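This report describes selected features of the structure shown below.

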Amino acid sequence: MSNAYYEKIGRINLSTGEIKTEPLDLEIAKKFIGGRGLGTKILYDEGVATVDPLSPDNKLVYITGPMTGSNSPSSGRYMVVTKSPLTGMIACANSGGIWGAKLKFAGWDALIVEGVAPEWCYLYIEDDKIEILDASEYLGVLSEELDDKLKEKHGADCSVLNIGPAGEKQVLLSCVMNDKDRAAGRSGTGAVMGSKKLKAIVVKASRKQLDVIADVDALKEANKNCLKIMTDNPLTGAGLRALGTASLVNVINGIGALPTKNWQESYCPTADKFSGETLAEKYLVKPGACFHCPIACGRIIKHDDKIVGGPEYEPLWAYGSDCGNDDLWAIDEANRLCNEYGLDAIGVPCTIAAAMELYQNGCIKEEECDGVPLEWGSSKAIIEWTRRMGDPQSPLAKLMSSGSVRLCEAYGHPEFSMSVKKQEIPAYDARAIQGIGINYATANCGAAHVRGYMIAPEVLGIPAQLDRTVIDEKAGWAKTFQDLTAVIDSMGTCLFTSFALGAPEYASLLNAATGTNYTPEELLEVGERIFNIERMFNKAAGMKPEDDRLPKRLLQEPVSNGPSKGMVSKLPEMLPQYYEARGWVNAFPTDETLKKLGLDECVGK
Amino acid sequence: MIEVRFFATLRQGRGKVAEIDAEEISTAGELLRRFDIPAEEVSILLINGFHSKPEDPVKDGDVVSLFPPVGGG
């Protein structure tokens, strides 16, 4: 019976050159859905938690969800799941574009890459065929150019995933790029590809649509219903298309939660200069959409004489106010360099901001800066240091490219690193928005906003408006958001659909596509199972309870300016409530919780 | 005076900022009517950076920020 999976996983051992086709275990797929959940389950079972992330023993799972490539709205996601060299914990970097849909059309639910190639190589996939090809001529080639070159060689109808020079050099802030401007951005997945001497994966598929849907008519009906809800919703129907995620710059600044100068301030008087409104007015060519997406939040911009993917909210903030900068052209350029070199456009600018604070305090000396001082607001600094972190040569560039924790520790000021689990914190001040702090502190991949987007209820009023300044009920909300997000990610659907859709709609889509019969409550329990196995991966990897934390600045230094002046994060009060809601003691699930969730393989570990 | 800040599509035909005499209005809702903005078009209404409702009072020196549905990640 069809079930939205091709029931096929490709296992590629780059050390031996062996390529195997393995069946997908449908019982496991039902318990973990696919994508993030299934990818983590595979790595947990194969003992990857304890390996050195940059050794041949680490594995890379490129994985789709059952909805990936389907006709459902915004269903083009794939994930790169591996052990992160940045955090030492689970990494699940999620990306759009068309690459994931093409992988599915070629008939693969997932690829597992292991070992290390004797020479630089890339994978060429055409339907059932997987080949390991020589990549030596592509070394050092920037990401967009490589996309063009591989399309020239294999045809314009293929889709290209690759690493830029940063991944080749095993830069810990490197990412995996696909379709030129889409990124599986966080946790250093590019470095793992680099450690395996794997430069790219090219996919070509004869199929143009999924032909394994369980109940085609039911999915058609569910799609129609979901599309109507999304179209009628002012945010997914029009707001995101008009201004993209960049529309948040003025909102978050307006409430005094826009971290500025490495979080020394939380309000930036000139934020409108790098806002979504200004981006649209000065540079926007058109909105950009991933596979089968009616939202179209992407920004296609004119940058000098080029048409390129423009910055999202996160890099606008991180290169903007967090670096004390309001030069939109310079932010566009730095963001473009992140795409070209294959760099995390959150981690890199946040690390530059930390370096600027070290420079402000005289820890980094001018003579270390090779002619480009790390001064607040310097356009030259954000551009040039991004380039240097993408292909690090000097001692300071090498240190910065390994992230803010390693940088700040080296200069004796770990408190300047605004990070959790060694990953830089995104663009919302957790002193001014209490609930997002729980998510930053507990996300299994390290600080992240997209593992339980509490900004939706606390700022945007979705699905209900909560008071951002109080902690009431935030623990329960954070848990529910985290569990639902784990479901959406694992389905291969874009998280942005959740501005309009809820658990009942996701259940309707998944049930129609796979032939399951989940209630919304059961689906949330699957999400909880996924969140818990990620946590057990981290436990095996050596995570300690004190890793669920926030930087001291957020707990002890009140917001210094703007509407939220005087606030601090109340995480110490919220965390015990959160653990209780999860059935965890000292940051980890009890055996009782694991049994309840059907995670018998984790009991006693 | 009350400072009114418009964002995203609400800037069309209104500019970025306007000022209004505090004696002329007493609530945020009256302010919306003054600028011909239907309440349902305003997704986020901030008074001095805090979420507010049309019935909430406004006074001299307040900053009112008005956003249509916006969001992202």
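Asn586(A) is exposed, as 10 other C-beta atoms lie within 10 Å. The model under discussion is a predicted one. Asn586(A) sits in the loop that runs between strand E18 (584-585) and strand E19 (588-589) of chain A. Its phi is positive, about 50°, although the residue is not a glycine.

His292(A) belongs to the loop between strand E13 (284-288) and E14 of chain A. Is this residue buried or exposed? His292(A) counts as buried, because it has 20 C-beta neighbours inside 10 Å and a residue with 20 or more is classed as buried.

Another backbone feature is the cis peptide bond between Ile462(A) and Pro463(A), with omega about -5°. Pro463(A) is placed in the loop between helix H18 (455-460) and H19 of chain A.

## Ile301(A) in strand E14

Ile301(A) is located in strand E14 (residues 298-303) of chain A. The residue is buried, with 23 other C-beta atoms within 10 Å. Leaving aside residues up to four places away in sequence, Ile301(A) touches Tyr283(A), Leu284(A), Val285(A), Val308(A), Gly310(A) and Asp332(A). Pro287(A) is 14 residues from Ile301(A) in sequence, and the C-alpha atoms of the two are 8.6 Å apart in space.

Helix H7 (residues 216-232) of chain A comprises 17 residues. From its first C-alpha to its last it reaches 24 Å, close to the 24 Å expected at 1.5 Å a residue. Its buried residues are Leu219(A), Ala222(A), Asn223(A), Cys226(A) and Met230(A). Viewed down the axis of H7(A), these buried residues fall within an arc of 105°, so they line one face of the helix.

The face of H7(A) turned away from the buried side carries the exposed residues Asp217(A), Lys224(A), Lys228(A) and Asp232(A). The buried residues of H7(A), in turn, pack against H8 and helix H20 (503-514) of chain A.

The 12 residues of H20(A) should span 16 Å at 1.5 Å a residue, and the end C-alpha atoms are 16 Å apart, which agrees. Of these 12 residues, 10 are buried, so H20(A) is largely enclosed by the rest of the structure. The buried residues are Ala503(A), Glu505(A), Tyr506(A), Ala507(A), Ser508(A), Leu509(A), Leu510(A), Ala512(A), Ala513(A) and Thr514(A). Their cover includes H7, H19 and H21 of chain A. Just after H20(A), Gly515(A) adopts a positive phi of about 85°.

In helix H17 (residues 434-442) of chain A, 9 of the 9 residues are buried, so this helix is likewise largely enclosed by the rest of the structure. They are Gln434(A), Gly435(A), Ile436(A), Gly437(A), Ile438(A), Asn439(A), Tyr440(A), Ala441(A) and Thr442(A). The buried residues of H17(A) pack against strand E16 (419-420), H18, H19, helix H22 (552-556) and helix H23 (571-582) of chain A.

## The packing of H19 against H21

Two packed helices are described by the angle between their axes and the distance between the axes. For helix H19 (residues 474-491) and helix H21 (residues 520-541) of chain A, the angle is about 90° and the axes are 7 Å apart. H19(A) and H21(A) are therefore roughly perpendicular to each other.

From H19(A), the residues in this contact are Gln482(A), Asp483(A), Leu484(A), Ala486(A), Val487(A) and Ser490(A). They meet Leu523(A), Leu524(A), Val526(A), Gly527(A), Glu528(A), Ile530(A) and Phe531(A) in H21(A). By class, the contact of H19(A) with H21(A) has 8 nonpolar, 3 polar and 2 charged residues.

## The contact between chains A and B

Chain A contributes 30 residues to the contact and chain B contributes 19 residues. On the side of chain A that touches chain B, helix H8 (234-243) and helix H9 (248-254) of chain A each supply at least two residues. The largest share of that side, 6 residues, comes from H8(A). The residues on the side of chain A that touches chain B divide into 17 nonpolar, 12 polar and 1 charged.

Notes:
Residues are numbered from 1 along each chain as its sequence is written. Chains are lettered from A and ligands numbered from 1 in the order in which they are written. This is a predicted model: local features need pLDDT of at least 70, side-chain atom pairs count only at pLDDT 80 or more; totals for chains, interfaces and linings use all residues. Two residues are in contact if their C-beta atoms, placed from the backbone, lie within 7 Å. Helices (H or I, at least four residues) and strands (E, at least two) are DSSP runs, numbered from the N terminus. Ala, Val, Leu, Ile, Met, Phe, Trp, Tyr, Cys and Pro count as nonpolar, Asp, Glu, Lys and Arg as charged, and the others, Gly among them, as polar. The expected span of a helix is 1.5 Å times one less than its number of residues. The arc is that of the directions from the helix axis to the C-beta atoms. Axes are lines fitted to C-alpha atoms, for helices over the stretch in contact, and angles run from 0 to 180 degrees between N-to-C directions. Angles under 35 degrees count as roughly parallel, over 145 as roughly antiparallel, 65 to 115 as roughly perpendicular and the rest as oblique.
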